[in-house]
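Visitor: I would like to learn how to read a few local features in a model such as this one. Could we begin with pairs of charged side chains?

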Amino acid sequence: MSGNSFLPRKIHSLLGVIPLGLFFIEHALTNYSAFEGGQEGFKDSVEFLHSLPLIFFLELFLIWLPILFHGVYGLYLAFTSNLNVGRFNYGRNWAFALQRISGVFTFIFVIWHVWQTRVQVALGNTTNEEIGQHMHDIVTQPGFFILYFVAVIAATFHFANGLWAFLVSWGITIGPRAQKVSSRICMGIFVIVAVLFILSLFAFRGDEFASASAAIGSLSSAVLG
């Protein structure tokens, strides 16, 4: 595959915004409901998503397959690109390098996050209704909390900087002034979405999710005992 292949690069760029960027924002808002509405608010948000018609096909064609293509082709780009940060110490060169690095890190994290959540639901180790308490059990472990904290920063940067690059490569922002304005807008998006995710992480660590997790643990022990 040529590193300058036009069509795969365009598809990769497009998928990063539509549908994956939209899903990323939806995921941030769903998680933020844990901070805003507590355990019940988050549970209602999850139940709403899983009540959508044809949810399996929506996730397959709008999330999983786009993630697979975007992630695998992104890995190819990351390991075949010349980062140039040593030769040209310009801001956009560093942004380009960080885009590749954050993309690799985010794709690996997504695989791990899916294993910790969706796969565990499929295996019967937790349920969609208990996913908030399951997240509490994960992020109250210091190592996992640090991993998730770094991952949401990396993923949010990758999305926001990728959005800027999308606007340039698709001819939406033409000229230095338009690109400077869009850079500031994308930085604002980065800050807002990152804050939503970080607040949700602290919410999952909170007493409300801890109480629910303890109650489920006691119920499970009583049933098994």
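Guide: Keep in mind throughout that this is a predicted model. As a general idea, side chains of opposite charge can pair when their charged atoms come close. With the criterion that a side-chain nitrogen of Lys or Arg lies within 4 Å of a carboxyl oxygen of Asp or Glu, the count here comes to one salt bridge.

Visitor: Which side chains meet in that salt bridge?

Guide: The partners are glutamate 59 and arginine 118, whose side chains meet at 2.9 Å, N to O. Because glutamate 59 belongs to helix α3 (residues 55-80) and arginine 118 to helix α4 (residues 91-122), the pair ties together parts that are 59 residues apart in sequence.

Visitor: Is glutamate 59 buried or exposed, and what is the relative accessible area of arginine 118?

Guide: Buried means under 20% relative accessible area, so glutamate 59, with a value of 12%, is buried, whereas arginine 118, with a value of 31%, is partly exposed.

Visitor: Turning to the backbone, which peptide bond is cis?

Guide: The cis bond runs from isoleucine 18 to proline 19, and its omega is near 15 degrees. As for its setting, proline 19 sits in the loop between α1 (6-17) and α2 (20-50).

Visitor: And which residue has a positive phi although it is not a glycine?

Guide: That is leucine 54, with a phi of about 55 degrees; leucine 54 is found in the loop between α2 and α3, and at 62% relative accessibility it counts as exposed.

Methods:
Residues are numbered from 1 along each chain as its sequence is written. This is a predicted model: local features need pLDDT of at least 70, side-chain atom pairs count only at pLDDT 80 or more; totals for chains, interfaces and linings use all residues. Side-chain values use heavy atoms; hydrogens and water are left out. Helices (H or I, at least four residues) and strands (E, at least two) are DSSP runs, numbered from the N terminus. Buried means under 20% relative accessible area, exposed over 50%, partly exposed in between (1.4 Å probe, protein chains only).
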